[in-house]
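This report goes through one protein model, from the whole chain down to single residues. Please keep the sequence and the 3D view open while reading.

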Amino acid sequence: MHIVLLCGGSGKRLWPLSNELRSKLFIDILPSPAGGRESMISRVCRQLDSSCLTDSTLIISHQDQANITARHTQGKIPVIGEPYKRGTFTAAALATLYLQSFRMAKDDDVICIAPADVFAGEDFFSNFQLLPDILKHSQADIALIGTRPTHASEQYGYILPGGQERNAYAPITQFIEKPEATIAETLLQRGALWNCGVYAFTVAFMISHIKKMGLPVHYDQLSSLYESLPERSFDKHVAEKVQRAVVLPYKGVWQDIGSWDTLCEQLDTHVIGLGGISGSSSDSYIINELPYPIQVIGVPGIIAAASPDGILIANKNNSNEIKAQLGNLPLKPMYGEATWGSYRVIEGSLDNENTTVTTLNITVLPGKHIGLNWHRTGCRAWTVLAGSGQVLVNGKVMQVSRGNQFAITKESLFSILAETRMVILEVRIGVTEEKDNILFEEEDWNVILKSAGSFNA
């Protein structure tokens, strides 16, 4: 069996901690059994490990989040970068063709797709191992996992089982997507389950649907067409149309924690970061990533969240409205992570000559480097605030440590290797591009050095 985790989302429901680069998957906020905190995707990886499923898993993520995904999964799970967001069906199709082309998946191999942001009990993923046999014995086209509802939610999709469960699974008679409260109440009385978004099917089944959509059945060909493809949902275009589908009920904990009110239910403290809560402020929470304290006095039931991207003060019950409040605004992330470390935008402004000036704090982790980059416009001034390492500029390597300064000018090739944890203050002057042109991301620093020579030549 092959497991495919689908990463997606616009990063707005948990704003300001989440953004387009750091979605809710990558926020280190959940209490970890080992102490400290872990992100949702780290939690999922830990659970996959305990079920001995890590080696059978790959992740589909937007290419802009490929680096942060690799960092939070510690490189244990391959990450396939989607060039554009085109829905769960298209992502599943790309994963299927990848498995067929590069993992030699056969027609009767079973693929199990699941959302990467699932929050479930420690035994949840062990149920995935039952799905191949359920598909075989039931002769169904797809097998799903559903969970017993705790209330009549309007935010989840429902599965209506039919007949008696056989061998722990039941046939599905109907899918109902996010019904009104009165309908949800009726569904609960009829024994409906919440849809966990987990679908198991064979490679041959998915290939047949790719062909029905008129899409190529080769990985490279589908990748080249990605920009022109419409957005397609696996639920709508596949699951709701199949004649034979079965569901495996899951009796453990399962929850969508995509909003502040549901996330707060999973926290082990009311204050994370600098700040305090006092007075009649029951059920209020502070989550603060800024170096400035937040004090909540006499205000119950609120979430106060702060990050370099902004500040949110909201009643927990109304916090979902933040997505509508932000609308389709192109929010520029002020904080980001990559495999090599992280960065935070401190300030952005225009000088007297109408030139952009941006100041950043950059952290490069020990033994990591930022890859070989081509600097296209403006200039950068770097000051090493902490740590030591090597800086490569146009083929020349310099040993640097705290207090050293250097500049990156237009049309320069550059990289940096952190021997110890490095903190760098960067000032960008007249840099107009959104991101550098990364020429090479090889992990071995010596390969980077050799490659720089060939590019300079």
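## Overall build

The model is predicted. Its secondary structure comes to 11 helices and 30 strands. The radius of gyration is 24 Å, close to the 23 Å that the globule rule gives for 457 residues, so the protein is as compact as a globular protein of that length. Along the principal axes, the C-alpha trace spans about 70 × 60 × 40 Å.

Of the 457 residues, 49% count as buried. The protein exposes about 21400 Å², and carbon and sulfur atoms supply 49% of that area. Contacts can also be sorted by how far apart the two residues are in sequence. Among contacts with a separation of 6 or more, 66% are between residues 24 or more positions apart.

Strands of a sheet pair through backbone hydrogen bonds, either parallel or antiparallel. In this protein, an open sheet of 6 strands has antiparallel pairing and runs in the order β20-β21-β22-β29-β24-β27. Which strands form the edges? They are β20 (335–338) and β27 (405–408), each of which pairs on one side only. On average, neighbouring strands of this sheet are turned by 20° against each other, direction ignored.

| Strand pair | Sense | Bridges | Residues opposite each other |
|---|---|---|---|
| β20 and β21 (341–350) | antiparallel | 4 bridges | glycine 336 and tyrosine 343 |
| β21 and β22 (356–364) | antiparallel | 9 bridges | leucine 350 and threonine 356 |

## Helix α6 and its cover

Helix α6 consists of residues 203–212, and its buried residues are Val203, Phe205, Met206, Ile207, His209 and Ile210. What covers them? The cover includes the helices α3 and α8 (234–237), together with the strands β6 (110–115), β8 (142–147) and β11 (193–202). Just after α6, glycine 214 takes a positive phi of about 75°.

Threonine 90 is in helix α3, which consists of residues 87–102. The relative accessible area of threonine 90 is 1%; because buried means under 20%, this residue counts as buried. A polar atom of its side chain lies 2.8 Å from the backbone oxygen of arginine 86. Not counting residues up to four places away in sequence, threonine 90 touches Tyr226, Leu229, Pro230 and Arg232.

Threonine 69 is found in helix α2, residues 66–72. Is threonine 69 buried or exposed? At 0% relative accessibility, it counts as buried. Its side chain reaches the backbone oxygen of glutamine 65 at 2.6 Å. Leaving aside neighbours within four places in sequence, threonine 69 is in contact with Phe26, Ile59, Ser61 and Val79.

## A cysteine in a strand

Cysteine 196 lies in strand β11, one of the elements that cover the buried residues of α6. Cysteine 196 is itself buried, with a relative accessible area of 2%. Not counting residues up to four places away in sequence, it touches Pro115, Phe124, Ile145, Gly146, Thr147 and Trp254. Lysine 368 is 172 residues from cysteine 196 along the chain, and the C-alpha atoms of the two are separated by 37 Å.

## An aspartate in a loop

Where is aspartate 283? It is in the loop between β15 (275–278) and β16 (285–288). Its relative accessibility is 39%, so aspartate 283 counts as partly exposed.

Leaving aside neighbours within four places in sequence, aspartate 283 is in contact with His270, Gly301, Ile302 and Lys316. With lysine 316, the contact includes a polar one between the two side chains, at 3.1 Å. Histidine 270 is 13 residues from aspartate 283 in sequence, and the two are 7.8 Å apart in space, C-alpha to C-alpha.

Conventions: Residues are numbered from 1 along each chain as its sequence is written. This is a predicted model: local features need pLDDT of at least 70, side-chain atom pairs count only at pLDDT 80 or more; totals for chains, interfaces and linings use all residues. Side-chain values use heavy atoms; hydrogens and water are left out. Two strands pair if DSSP finds at least two bridges between them. Helices (H or I, at least four residues) and strands (E, at least two) are DSSP runs, numbered from the N terminus. Axes are lines fitted to C-alpha atoms, for helices over the stretch in contact, and angles run from 0 to 180 degrees between N-to-C directions. Buried means under 20% relative accessible area, exposed over 50%, partly exposed in between (1.4 Å probe, protein chains only). A polar contact is a pair of N or O atoms within 3.5 Å; within protein, one must be able to donate a hydrogen and the other to accept it, and residues adjacent in sequence count only if both atoms are side-chain atoms. Contact means heavy atoms within 4.5 Å. The radius of gyration is taken over C-alpha atoms; the globule rule is 2.2 Å times the number of residues to the power 0.38. Accessible areas come from the Shrake-Rupley method with a 1.4 Å probe; for residues, only the protein chains shown count as cover.
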